[in-house]
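Open the model in your viewer and keep the selection panel at hand. The tour goes from the whole chain to single residues.

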Amino acid sequence: MQTYFAGDYDTAVIGGGHAGCEAALASSRLGCKTIIFTINLDSIANLPCNPSIGGTAKGHLVREIDALGGEMGKAADKIFIQSRMLNKGKGPAVYSLRIQADRRAYQRVMKQTLECQENLDIKQGEIIDLTQKDGLWNITTHTGAVFSANTVIIATGTFLRGKIILGEVSYSGGPDGLFAANSLSESLKKLNIELLRFKTGTPARVHKRSIDFTKMQQQEGDSDIVPFSFENDDIGENKAVCYLTYTNEKTHTIIRNNLHRSPLYSGMVEGIGPRYCPSIEDKIVRFADKERHQLFIEPMGLDTDEMYVQGLSSSLPEDVQVDMLHSIKGMENAKMMRSAYAIEYDCIEPTQLKHTLEFKNLDGLYGAGQFNGTSGYEEAAAQGLIAGINAARKVKGLEGITLARDEAYLGVLIDDLVTKGTKEPYRMLTARAEFRLLLRQDNADRRLTPLGYEIGLISKERYDRYLAKLDRVDREIKRLKKKVIPPRIINPYLEERGMPPLLNSGLHLSDLLKRPQISYEDMAVIDDERPNLSRFEREQVEIFIKYEGYINKQCDQAARIERAEKTIIPENIEYEKIFGLRIEAKQKLAKFRPNTIGQASRISGVSPADLGVLLVFLQTEKNQ
Ligand SMILES: Cc1cc2nc3c(=O)[nH]c(=O)nc-3n(C[C@H](O)[C@H](O)[C@H](O)COP(=O)(O)OP(=O)(O)OC[C@H]3O[C@@H](n4cnc5c(N)ncnc54)[C@H](O)[C@@H]3O)c2cc1C
């Protein structure tokens, strides 16, 4: 193939998915000449699986992306068709916003945002080769164009050697009928990058007209809609509903009778799938005693009749899929518009990356998104943002930014990936965060917006608005802690609510608010001096006062661990020479080469005793 030089850039982003979009926007917004490649311009920011953004722990990531200056939250607020705050019955650490997204509208908004972005070029083309020469990266497209760049971010999602599998049928392909990227993997292997083979799956899409919704439960959105972006307040109304139905014994029998034709059980699928997003076949086998499994019928958008069957992800043969659908209440006459399928793809072993998402042994090369072994739009976008920021800072000769586990879910996500690696597509869960009461979605701005401003992604105007909000919240907390309501007012108030009156003393408003049955709104009737706070501010005041004790306790825990985190391990340390370290620990430490004692403590196979030996060794070295 004849090649030609097509241009040089500071940063090149391979991939126009959720990771690629955030990476390209961050890099160009930080002043770097950036180019983004995608196999098909019309698939930029595609939602190839569930048409939703957010959910448990994923909603936290979207808020963190927004607080740092990323785009996903703003785009989601513009195109949502239904919004719900999940886990409201539990504590604020797990409150999680989830929206039903209009798939095509989300793509349109993101593509337009990229097109309007200065310093950013967008190119349709498949990257088939990536080489490094004299400190510069050379990127070749399938049409022979060669681009050079100082830094490159690989965010190829589920496309690398993509293979579609359904029943006995398999063929090379990306999601939604797009081409797979079949050449780049070889090029990465030549760079000694270790690749893994993962798989994920998606359910069928069914025509709305063919569904009998009268046999299902309707699911409404919240009446009081909360935005993802801290920049927004009133983002409008719900425009669609979802429906709940269930599988049944007939469905389960159809699946059991055809497990021999399932690629998962016939050995046709090589790739490792996500434990937390199992296919229906897996659910029937793993939870054989369960009589039924929930299915949510979700609209794909306002200008389409495609309905997404959430919970019925599968790679069973099409004829079995049709029988399966027709066995479900309300789906007896369902018309399948797109079949369910599984996709296998190449991704990397993420322990090859630093916490900046730069490859440990390849200067200026970064990985982001599904390519790093994760699954999910939100996980991808979060990594894309960090990779984009750090690639730009590399170009400018600035240090890369990393986030700690007590600062952000983003910090937990990246630390888990690069320190522990992953054996299956990694999905974010609140249970993965040991400091989840500190990492709530409501305080993402408090944790990350100052950093966003410092690195240049958050504007001065926005930062001033953030500081003003902080000031209002902190002053209100102080006011509630000072303000005492006299017995003549508080006692009738308490009795009206079935609570015993206080004998002689008044009550601080903060102590009243600490009572689980009292909300900040409830106190308005006895608190005539209260300031006019926004919903975000009221929520922060209430959560901080109600959970102050727990929050402070977690802060202490985090401070203790941070001290271990600060104990640096020299890059050239020779573990095999350290007397007292167990062989397994020597091997694991030499393989993962952690930067700190904290990271070492999270490597499986490194015991507390090994850490003790290491700490003594480092202390001795220091004293010499
Ligand atoms: C079938 C299926 C089922 C899924 N199921 C789930 C699920 O159940 N739960 C969940 O959380 N997530 C699921 N996902 C995953 C979700 O789609 C991804 O996590 C998310 O899209 C990853 O974003 P990304 O930016 O890393 O990659 P993608 O969104 O896949 O984007 C990759 C981009 O890279 C481009 N590209 C790839 N190779 C090249 C190349 N060589 N040259 C130029 N451009 C290239 C593509 O054109 C595309 O623009 C599923 C995805 C699929 C396809």
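How many helices and strands does the chain have? Colour by secondary structure: there are 20 helices and 22 strands. Keep in mind that this is a predicted model.

**Whole chain**

Stay zoomed out. The radius of gyration is 26 Å, close to the 25 Å that the globule rule gives for 624 residues, so the chain is as compact as a globular protein of that length. The C-alpha atoms then fill a box of roughly 90 × 80 × 50 Å.

Of the 624 residues, 58% count as buried. Residues 24 or more positions apart account for 72% of them.

Next, colour the charged side chains. There are 83 positive and 84 negative ones. The centres of the two sets lie 2 Å apart.

**Helix 2**

Select residues 58–68, which form helix 2. Is this helix mostly covered or mostly exposed? It is mostly covered, with eleven of its eleven residues buried. The buried set includes charged side chains: Lys58, Arg63, Glu64 and Asp66 are among its members. Leu61, Val62, Ile65 and Leu68 also belong to the buried set. Step past the end of the helix to Gly69, which takes a positive phi of about 110 degrees.

**The loop at Cys116**

Move to Cys116. The residue sits in the loop between helix 4 (103–115) and strand 6 (120–124). Cys116 is exposed, with a relative accessible area of 61%.

**Helix 18**

Select residues 583–592, helix 18. Which of its residues are buried? They are Ala585, Lys586, Leu589 and Phe592. Look down the helix axis: these buried residues fall within an arc of 155 degrees, so they line one face of helix 18. An α-helix has 3.6 residues a turn, so residues three or four places apart point the same way.

The buried residues of helix 18 pack against helix 11 (409–420), helix 19 (597–601) and helix 20 (608–623).

How values were computed
Residues are numbered from 1 along each chain as its sequence is written. This is a predicted model: local features need pLDDT of at least 70, side-chain atom pairs count only at pLDDT 80 or more; totals for chains, interfaces and linings use all residues. Side-chain values use heavy atoms; hydrogens and water are left out. Helices (H or I, at least four residues) and strands (E, at least two) are DSSP runs, numbered from the N terminus. The radius of gyration is taken over C-alpha atoms; the globule rule is 2.2 Å times the number of residues to the power 0.38. Buried means under 20% relative accessible area, exposed over 50%, partly exposed in between (1.4 Å probe, protein chains only). Contact means heavy atoms within 4.5 Å. The place of a charge is taken as NZ of Lys, CZ of Arg, CG of Asp or CD of Glu. The arc is that of the directions from the helix axis to the C-beta atoms.
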